[in-house]
Amino acid sequence: LSGLAKVNAQTGTGTDSAPVPALISAPVVDTSAAMADMVSEQELLADLYQRVLPSVVNIQVTTASQSTMSGVPQDFPFSLPAPDATPQQGEGSGWVFDEQGHIVTNNHVIENATEITVIFYNGEWADATVVAADPQADLAVLQVEIPEGVDVQPLTLAAPDSMRVGYSVIAIGSPFGNDRTMTPDQPGD
């Protein structure tokens, strides 16, 4: 060991005061397995997106303006549209529940709607009526007459006992006017 301190093999102490360089072997990390897992997960998500996309719909609504008229007491429990009120536009997402034209969406999407239009994956559309709404659960069911040219593909619901807290969730829809988006949500997010 020229120029380096000689080290006693049994005690690890040097024979002089010079520092002893230590050779540390870093563990070899195989990134190919991690990359393969990531590519596999991305392929799974892309395949899922393509499979369910025909079941996802865009919902456009028109609501009456909720401004109050002058002369109505402030504690009046209802809001009335002002005579010059301009209708408001909104939109959200939903999904095809069955082949009879039932669509599931959030209650906040259709709440106070005067007109509801469901737009299918291929651009065809149909007017909808509200069949049921639950504001507390924020769910609503719409009914449409399926337009010609729309191949309805209802989503299959998972058995309730097959889901567990901690499972990943994927949201596919058309939020904020964005057409056909997918957002994975990891457990703990």
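This is a predicted model: local features need pLDDT of at least 70, side-chain atom pairs count only at pLDDT 80 or more; totals for chains, interfaces and linings use all residues.
**Entry 1, the β4 neighbours.**

I then took the two pairings in turn. Strand β1, residues 56-63, runs antiparallel to strand β4, residues 113-119, with six bridges between them. On the other pairing, β4 and strand β5, residues 125-134, are also antiparallel, with three bridges.

**Entry 2, the turn.** How many residues lie between β4 and β5 in their hairpin? I counted five, and I noted G123 in the turn, where phi is positive at about 95°.

I stayed on β4, where T114 is found. Is T114 buried or exposed? Its relative accessibility is 54%, and the cut-off for exposed is over 50%, so T114 counts as exposed. Leaving out residues up to four places away in sequence, I found T114 touching T62, T63 and A64. I also checked P87: T114 and P87 are 27 residues apart in sequence, and their C-alpha atoms are 9.0 Å apart.

Next I looked for nonpolar cores. The largest has 17 residues, and the members that touch the most others are I59, I103, I110, V118, F120 and L142. Which elements give two or more residues to this core? My list reads β1, α2 (107-110), β4, β5 and β6 (139-144). There is a second, separate core of five residues, with Y49, L53, V56 and I172 among them.

I stepped back to the overall layout. The chain holds two helices and eight strands, and along the sequence they come in the pattern α-β-β-β-α-β-β-β-β-β. What share of the 189 residues counts as buried? The figure is 22%. For the accessible surface I noted about 13600 Å², with 55% of that belonging to carbon and sulfur atoms. Last, I looked at contacts between residues at least 6 apart in sequence: 61% of these join residues at least 24 apart.

How values were computed
Residues are numbered from 1 along each chain as its sequence is written. Side-chain values use heavy atoms; hydrogens and water are left out. Helices (H or I, at least four residues) and strands (E, at least two) are DSSP runs, numbered from the N terminus. Buried means under 20% relative accessible area, exposed over 50%, partly exposed in between (1.4 Å probe, protein chains only). Contact means heavy atoms within 4.5 Å. Accessible areas come from the Shrake-Rupley method with a 1.4 Å probe; for residues, only the protein chains shown count as cover. Two strands pair if DSSP finds at least two bridges between them. A nonpolar core is a set of buried Ala, Val, Leu, Ile, Met, Phe, Trp, Tyr and Cys residues joined through side-chain atoms within 4.5 Å.
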